[in-house]
Amino acid sequence: MATYPPQRQSHGYRGGHDDKPAHKPLDTSRIQLKDIKADLFDVIARETAETIADNKNSNKPTQLRRFYEEIVMWESKAGQHPDKFDEYLPFIRMINAKAAYALGRKLVDDNYVKLISDGLQQVDSLKTLRHFKLFMEAFMGFYKEKRPKD
């Protein structure tokens with residue numbers, strides 16, 4: 001039985017009319033929020049920022065800061081009302097839809113959407129939400145270093 005619509009395969013090029021090579025794909029496998037490693041907020045955040053900063057056509061710091069600020073807002077809310085975390089989680093995960101919308105408008109690229117998605121997928125408690133917020137804070141610092149004038 002066929003699935004509809006058919007799945008497109010990526011061959012390292014962006015779809016559409018311009019066949020420009022895609023940017024280096026982001027590897028998020030080392031971003032682990034449950035049992036954090038010593039290099040999460042340093043080496044891994046820096047490498048992630050460098051990969052995402054490589055795309056000069058999107059991922060403007062102002063746009064990325066909006067996502068970061070929403071993560072901060074949800075972490076703050078959940079911290080003030082830990083008993084409501086399960087109630088907040090669907091809204092926290094809705095950040096994925098906002099990232100997809102931003103991708104559709106070419107405000108962010110697929111690497112940034114992957115970062116948000118893979119991070120939010122691990123958020124299942126106040127602790128992992130805090131770790132994700134702290135990772136994104138470190139990421140934003142290194143990102144701004146790479147793209148200071150955007």
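A crossing of two helices is left-handed if the near helix is turned anticlockwise from the far one by less than a right angle. I wrote that down before opening the model, which is a predicted one.

**Entry 1: the whole chain.** I counted the elements. The protein chain has 6 helices and 0 strands. Read from the N terminus, they run α-α-α-α-α-α. I then looked up burial. Of the 150 residues in the protein chain, 39% are buried. The accessible surface is about 9,400 Å², and carbon and sulfur atoms account for 53% of that. I also checked contacts between residues at least 6 apart in sequence. Of these, 73% join residues at least 24 apart.

**Entry 2: one helix pair.** Two packed helices are described by the angle between their axes and the distance between the axes. I looked up both values for α1 (residues 40-53) and α5 (residues 110-122). The angle is about 145°, and the axes lie 9 Å apart. I noted that α1 and α5 cross in a left-handed way. On the α1 side, T48, T51 and I52 make the contact. On the α5 side, N111, Y112 and L115 do. I sorted the contact residues by class: 3 are nonpolar, 3 are polar and none is charged.

**Entry 3: T48.** Is T48 buried or exposed? Its relative accessible area is 3%, and buried means under 20%, so T48 is buried. Next I asked which residues T48 touches. Leaving out residues up to four places away in sequence, I found L26, I31, L115, F135 and F139. One of them, L115, also belongs to the α5 side of the helix contact.

Key:
Residues numbered from 1 in each chain as written. Predicted model: local features only at pLDDT ≥ 70, side-chain atom pairs only at ≥ 80, totals over all residues. Heavy atoms only, no water. Helix = DSSP H or I, 4+ residues; strand = E, 2+ residues; numbered from the N terminus. Buried < 20%, exposed > 50% of the residue type's maximum accessible area, 1.4 Å probe, protein only. Contact = heavy atoms within 4.5 Å. Areas by Shrake-Rupley, 256 points an atom, 1.4 Å probe, with all protein chains shown as cover. Axes fitted to C-alpha atoms, helices over the stretch in contact; angles between N-to-C directions. Nonpolar A, V, L, I, M, F, W, Y, C, P; charged D, E, K, R; others polar.
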